[in-house]
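Here is my note on the model, point by point. Please read it with the structure open.

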Amino acid sequence: MDKVVKSDAEWRVQLSPEEFHVLRQAGTERPFTGEYVDTKTEGVYSCRACGAELFRSDTKFDSHCGWPSFYEPSKSEAVTLIEDRSLGMTRVEVRCAACDSHLGHVFHGEGYGTPTDDRYCINSVSLRMEPTG
C-alpha cells in the first residue's frame, strides 16, 4: 500500500474545516448528525482524505450509538489500530492505514451479535460512500 503523506497546509486546502478537525486532529462529529449514520445503501466506504477503501456496506450494522458502525474493515490492512488514552479512558483508535487519518474507535465484546463482536464506530465525515447497487 502506498502511503499518502501531506503537510497540514496541504490537508487544509483539500479538506473542509470539519473534515480537517476529525481526520487530521482526531476530533469527533456530534452523534446522530453524520450523513451515513442511518444509510442502508449498498456500497464501499473509502477514506474521505485519501480515497483508500476502508469498509463495505455488508459489514455495517445498526448499533444505535450515533455513528456508523461496522464489524470489520474491508481488508485487515486497510486500518491501523492505536491505543488511545485521551479523555481519561483507554480506547482503541482506528486510523486509515494509507494516510494516517483518524476515523473513529473500535470496541470489542459489547454483545451486538456480529461475526467479530467488534464495533468500528466511525465518523461519517471521515468516509465517502460509493454505491455499488
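1. Start with the rule for ring pairs. Rings of Phe, Tyr and Trp (its six-membered ring) pair if their centres lie within 6.5 Å. Planes under 30 degrees apart count as stacked, those over 60 as edge-to-face, and the rest as tilted. By this rule the count comes to 5 aromatic pairs. One of them is Tyr-45 with Phe-70, an edge-to-face pair. Their centres are 5.1 Å apart, with 70° between the planes. Tyr-45 lies in strand β1 and Phe-70 in strand β4, so the pair ties together parts that are 25 residues apart in sequence. Bear in mind throughout that this is a predicted model.

2. Are Tyr-45 and Phe-70 buried or exposed? Both are buried. They also belong to a cluster linked by ring pairs, along with Tyr-36, Phe-55 and Tyr-120.

3. An open sheet of 3 strands runs in the order β2-β1-β9, with antiparallel pairing. Its edge strands are β2 and β9, each pairing on one side only. Neighbouring strands here are turned by 30° against each other on average, direction ignored.

4. Now the pairings inside that sheet. Strand β1 (residues 43–47) and strand β2 (residues 53–56) run antiparallel, joined by 3 bridges. Tyr-45 has Phe-55 as its bridge partner in β2. The β1–β2 hairpin has 5 residues between the strands, and Gly-51 in it takes a positive phi near 85°. On the β9 side, 5 bridges join β1 to β9, again antiparallel. There, Cys-47 has Leu-127 as its bridge partner.

5. The other sheet is also open. It has 6 strands in the order β3-β4-β8-β7-β6-β5, with antiparallel pairing. β3 and β5 (79–84) stand at the edges with a single partner strand each, so one side of each is left without a neighbour in the sheet. β5 pairs with strand β6 (residues 91–96) over 6 bridges, in the antiparallel sense. Val-79 has Cys-96 as its bridge partner in β6.

6. Which residues have the most contacts inside the largest nonpolar core? They are Leu-54, Phe-55, Val-79, Leu-103, Tyr-120, Ile-122 and Leu-127, in a core of 23 residues. The elements that give two or more residues to this core are α2 (17–25), β1, β2, β6, β7 (102–108), β8 (118–122) and β9 (127–131).

7. Phe-55 deserves a look of its own. Leaving out residues up to four places away in sequence, Phe-55 touches Val-44, Tyr-45, Phe-70, Glu-72, Pro-73, Ser-74, Val-79, Tyr-120, Ile-122 and Leu-127. Phe-55 is also in the ring cluster.

8. On the helix side, look at α2. Its buried residues include Glu-19, Phe-20, Val-22 and Leu-23. The buried residues of α2 pack against α1 (8–14) and β7. Ala-26 follows α2 and has a positive phi, near 60°.

9. Phe-61 has its place in strand β3 (residues 60–61). At 14% relative accessibility, Phe-61 counts as buried; the cut-off is under 20%. Not counting residues up to four places away in sequence, Phe-61 touches Ser-69, Phe-70, Tyr-71, Tyr-112, Thr-114, Asp-118 and Arg-119. Phe-61 and Lys-40 are 21 residues apart in sequence, and their C-alpha atoms are 8.9 Å apart in space.

10. Two buried serines come next. Ser-69 lies in strand β4 (residues 69–70). With 0% relative accessibility, Ser-69 counts as buried. Beyond its neighbours within four places in sequence, Ser-69 is in contact with Thr-59, Lys-60, Phe-61, Ser-63, Arg-119 and Tyr-120. Ser-124 sits in the loop between β8 and β9. Its relative accessibility is 1%, so Ser-124 counts as buried. Apart from residues up to four places away in sequence, Ser-124 touches Glu-29, Gly-34, Glu-35, Tyr-36, Val-37, Arg-48 and Pro-68.

11. Last, a charge over a ring. The charged end of Lys-6 sits over the ring of Trp-11, 4.9 Å from the ring centre.

Technical notes:
Residues numbered from 1 in each chain as written. Predicted model: local features only at pLDDT ≥ 70, side-chain atom pairs only at ≥ 80, totals over all residues. Heavy atoms only, no water. Helix = DSSP H or I, 4+ residues; strand = E, 2+ residues; numbered from the N terminus. Buried < 20%, exposed > 50% of the residue type's maximum accessible area, 1.4 Å probe, protein only. Contact = heavy atoms within 4.5 Å. Pairing = 2+ DSSP bridges. Core = buried A, V, L, I, M, F, W, Y, C linked by side-chain atoms within 4.5 Å. Axes fitted to C-alpha atoms, helices over the stretch in contact; angles between N-to-C directions. Lys NZ or Arg CZ within 6 Å of the ring centre and 35° of its normal.
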